[in-house]
Amino acid sequence: MQLFVGVDWAEDHHDVCVMDTDGQVRSKGRVSNDLAGIAKIHDLIGRAIPAEFDDDPEVIVGIETDRGLLVRALVAVGYRVLAVNPLGVDRYRDRSRVSGAKSDPGDARVLADMVRTDAHQHRAVAADSDLAEAIKLVARSHQSAIWSRRRLANQVRSALREFYPAAQLAFEDLTHSDAVSVLAIAPTPELGKGLSLSKIASALRRGGRQLNVDKKAAAVQAALRTDQLTQPPVVADAYGAIVASLAKVIAAHNTQIAELEEVLEAHFSQHPDADILRSLPGLGVVTGARVLGEFGDDPNRYDTAKGRRNYAGTSPLTVASGTRRVVRARHIRNRRLADALYWWAFNAINRSPGARALYDHRRALGDTHSGALRVVSNRLVGILHGCLRHRTLYDEHTAWAHRNDIAA
């Protein structure tokens, strides 16, 4: 016997619908987001089992997320939990209800009906290890902190463009400790021009610079003393307050990113797949941890390299109708994984002759830089799948033997 459960989850409650193989609703209700709620879900499922049925039924649950305490509790009890894309639920709702009506109990019923008829179209929540889950959490937090720092740097750059262009000449990377430490003591053009070499050098040392301090201080001083257009003093002071504030926030981000990176390295080094991932060109601790965390470590999650590529969003998408056929990049994908794969491919073309040859080949065919890197990352994902499946370290010749220029 099979029972199909739809869970329309929310922050403080969940609507549940239990359906049998004939599409009949056996039980339904609203549960709280706590232990009592989990117990009530089990009770609703128990009430849906016919009295004459002695064995435990197979329970298939459809829910619009693949993470959280509720999902972990449902997986732990032995239910087969399917993560359903919310866009799919929206399309299915239109198919079964043309009126446009929508409600949380109705969505729970839609989810139950979806997993009853189309369970084969949805992926089960992966049984990743606790260590892989921890790596994913820390890697995502680390990645989010870097993205946040980048947004802050863009705000600083925008402000400097308006009143302090000399600072832009002095520092190419506004998130670097050199820029943060100097802008903290000289957030306005007037203060920047008045800085002595000794003050600049002291600021650079406080920021952590140890090499070429005097040379860098001289370059910074020369840049800050160049003649530039200026704003009125009161406007420059207002901009300076903004820049000083943002510099402090960026400095805090730098500290937290470094601390998260230490935690990430400690977790990643403990994982049994770490040596395999680190053997691939372009995968360091941070990028390797991101790739591992987003792919997960369930050995049965991806049956083929194609399945892993499709999840990664690196494989091309074909749209064909009649005589029209278009091949394009996948835009609906895991954004965090896509970012990690981009930097993996970017690093790999400088470390792997095979990856470089493929990149150059695609560029010669007219691909853009990003397009060529996407082709490289697609190939690297396939190589990673083979290494993990066969539990072998990366070998340059084996990975690229199909290319004559590398095999030779």
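**Pockets, cavity and helix packing**

By class, 16 nonpolar, twelve polar and 16 charged residues line the largest pocket. The model is predicted. The largest pocket holds about 1,600 Å³ of space, and the second largest pocket has a volume of about 280 Å³. Helix H5 (130-163) supplies at least two residues of the lining of the largest pocket. H5 also gives the most to the lining of the second largest pocket.

**Largest pocket**

- The lining of the largest pocket numbers 44 residues.
- Asp66, Ala83, Arg123, Arg301 and Tyr311 are the lining residues that lie nearest the centre of this pocket.
- Five helices are named as each giving at least two residues to the lining: H2 (69-76), H3 (86-96), H5 (130-163), H13 (285-295) and H14 (305-312).
- H2 provides the largest share of this lining, with five residues.

**Second largest pocket**

- Here 13 residues form the lining.
- Nearest the centre of the second largest pocket lie Ile146, Arg149, Arg150, Thr175 and Trp343.
- H5 and helix H15 (335-348) each contribute at least two lining residues.
- The contribution of H5 is eight residues.
- By class, the lining divides into four nonpolar, three polar and six charged residues.

- The largest cavity has a volume of about 50 Å³.
- Its lining consists of Phe163, Tyr164, Pro165, Ala166, Pro189, Lys193, Leu224, Thr226, Gln228, Leu229 and Thr230.
- Helix H6 (165-170) and helix H8 (189-193) each supply at least two of the residues that line the largest cavity.
- Seven nonpolar, three polar and one charged residue make up the lining of the largest cavity.

**H5 against H13**

- The axes of H5 and H13 come within 8 Å, crossing at roughly 125°.
- H5 is therefore oblique to H13.
- The crossing of H5 with H13 is left-handed.
- On the H5 side, the contact is made by Ala132, Ile135, Lys136, Ala139, Arg140, His142, Gln143 and Ile146.
- On the H13 side, it is made by Val286, Ala289, Arg290, Leu292, Gly293 and Glu294.
- The residues of the contact of H5 with H13 fall into seven nonpolar, three polar and four charged.
- Ile146 of H5 takes part in this contact and is also one of the residues nearest the centre of the second largest pocket.

**H5 against H11**

- Helix H11 spans residues 233-270, and its axis comes within 9 Å of the axis of H5.
- These two axes cross at roughly 160°.
- H5 is therefore roughly antiparallel to H11.
- H5 passes H11 in a left-handed crossing.
- The residues of the contact of H5 with H11 comprise 24 nonpolar, nine polar and three charged.

**Loop residue Arg330**

- Arg330 sits in the loop between strand E8 (324-328) and H15.
- Arg330 and Ala312 are 18 residues apart along the chain, and their C-alpha atoms are separated by 9.3 Å.
- Which residues does Arg330 contact, leaving aside its neighbours within four places in sequence? They are Asn310, Gly313, Ser315, Pro316 and Leu317.

How values were computed:
Residues numbered from 1 in each chain as written. Predicted model: local features only at pLDDT ≥ 70, side-chain atom pairs only at ≥ 80, totals over all residues. Heavy atoms only, no water. 1 Å grid on protein atoms, 1.4 Å probe; cavity = no way out; pocket = protein on both sides within 12 Å on 5 of 7 lines; lining within 4 Å. Points joined across faces, edges and corners; volume = space filled by probe spheres on them. Helix = DSSP H or I, 4+ residues; strand = E, 2+ residues; numbered from the N terminus. Nonpolar A, V, L, I, M, F, W, Y, C, P; charged D, E, K, R; others polar. Axes fitted to C-alpha atoms, helices over the stretch in contact; angles between N-to-C directions. Parallel < 35°, antiparallel > 145°, perpendicular 65-115°, else oblique. Left-handed = near helix turned anticlockwise from the far one by under 90°. Contact = heavy atoms within 4.5 Å.
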